[in-house]
Amino acid sequence: MADSVVTRFAPSPTGFLHIGGARTALFNWLYAKKHGGKMLLRIEDTDRERSTKAAIDAILDGLSWLELNWDGEVIYQFSRAARHREVAEQLLAAGKAYRCYATPDELAAMREKARAEGRTRLYDGMWRDRDPSEAPAGMKPTIRLRAPLTGETVIEDQVQGRVVWQNENLDDLVLLRGDGTPTYMLAVVVDDHDMGVTHIIRGDDHLINAARQKQIYDALEWPIPSMSHIPLIHGPDGSKLSKRHGALGVDAYRAMGYLPAALRNYLVRLGWSHGDQEIFSTEEMVAAFDLSAIGRSAARFDFAKLENLNGYYIRHTDDQSLVRMLESVLDYVPKGAELKPKLNEVTRAQLLAAMPSLKERAKTLIELIEGAYFIFADRPLQVEPKAQALLTPENRALIGRLRADLETVDPWSAQTTEAAMRGFAEANGLKLGAVAQPLRVALTGKTTSPGIFEVLSVLGQAESLARLADQAST
């Protein structure tokens, strides 16, 4: 192994940072951290038509939110085009590449013939040994690699094992297009070499690229980095991951109320295992991560598992941090715009007081917000239809009588309000639940909430009595 490990995450900015890309970034980050190395970030923006600033921003935001910090400046592939051209010219000068003047029609005919004959090598090498003086006038040539025609190209992959291609099946690939722009294959090899990348960890959809890139490394007599091609993520049914399965952007998981630590923990276990351990702190992940434990078969995405894991993280996160996280997600959730202006010292203190109870029943920050909604609700409360059924004339009268008892409670706390309610239930020959449920509806507008005594304590005496007055009949 090289003295210093350098990995890289190299997304194309043609869309958001999807969940598979996030896992690739995580594996690169963990491997670099484990070996005291660096993870570099390269934006592969050579496709000028489809690369957008919005996509670049989404990738950078997604990585930052997941706390997968890269080392050094972001490298933009397009800005290095002159260097890529220089290397293509170098190969040309060394006789390891050649100018190809094949016309689009000739190439189309070649492809058709090869497919009809069942050959994977689509280019027949027509300009490999021809004199450029035979070129058609005004034709701008491409530059192609003079690839070996016999023998094998072999990758010793850390995940897939030894992978072998017969050279007779591989094309003389284009390094520089007719307009002088470098191809992706050339750009990746030059960038990885110049950036000192020692380990390439990427999806196994790039495995065929590895063969082509190995031929470029060999032609340049450059050492090839260690390669690891990790299986893609599939849906729960084993088919290719689609949006209905969870092939969403990292920003969508943020908006659904998942915690970065929970998503990291979930992603690390997709295709990598360490005994039966399911829950990993970041430190444990870094210490345990290795390439040899990555499976060769596709991992299956399971929303229920992610949700349960997220619930675990919410329960084990301190209350003050959860209040901060809840605030940070308000920009991304439907009710956020309504709640944000209501955040102040009082409501933050109420949130903090309610958090021990709220987090026991929430699997996402969205559920946490819904559970805490009673704190921010305007009077008179909007009562849910199901809860409305409990506000019978009898129960409204009961709320009125109970309110009178609660008016005298001093000091006001979960304990003192519980004692008053138990006393009221006993005096009226009622079970506590028969009193608590109408009270819950009057205070929260819902049939479910944190413990009713905590709700009373969090809202405080004045607000609690005012809400009860709204629903009581005397």
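Tutor: Let's start with a pair of residues: arginine 144 sits opposite valine 174 of strand E8. This is a predicted model, in which local features need pLDDT of at least 70 and side-chain atom pairs count only at pLDDT 80 or more, while totals for chains, interfaces and linings use all residues. Residues are numbered from 1 along each chain as its sequence is written, and side-chain values use heavy atoms, with hydrogens and water left out.

Strand E5 (residues 142–145) pairs with E8 in the antiparallel sense over two bridges; two strands pair if DSSP finds at least two bridges between them. Strands (E, at least two residues) and helices (H or I, at least four) are DSSP runs, numbered from the N terminus. The open sheet here has three strands in the order E4-E5-E8, with antiparallel pairing. Strands E4 (97–100) and E8 (174–176) are at the edges with a single partner strand each, so one side of each has no neighbour in the sheet. From one strand to the next, the twist averages 45 degrees, taken between N-to-C directions of axes fitted to C-alpha atoms, on a scale from 0 to 180 degrees.

Now to strand E10 (residues 226–230), our main stop. Five of its five residues are buried, so E10 is largely enclosed by the rest of the structure. Buried means under 20% relative accessible area, with over 50% called exposed and the range in between partly exposed (1.4 Å probe, protein chains only). Both faces are covered: Ser226, Ser228 and Ile230 are buried on one side, Met227 and His229 on the other.

What does E10 pair with? Strand E9 (residues 199–203) is a parallel partner, over five bridges, and serine 228 in E10 is the bridge partner of isoleucine 201. The chain gets from E9 to E10 through helix H6 (residues 207–220), in a right-handed β-α-β crossover. Right-handed means that, with the strands pointing away from the viewer, the path from the first strand over the helix to the second runs clockwise.

Let's finish on serine 228, which lies in strand E10. At 1% relative accessibility, serine 228 counts as buried. Setting aside neighbours within four places in sequence, serine 228 is in contact (heavy atoms within 4.5 Å) with Asp157, Gln158, Val159, Ile200, Ile201, Arg202 and Leu291.
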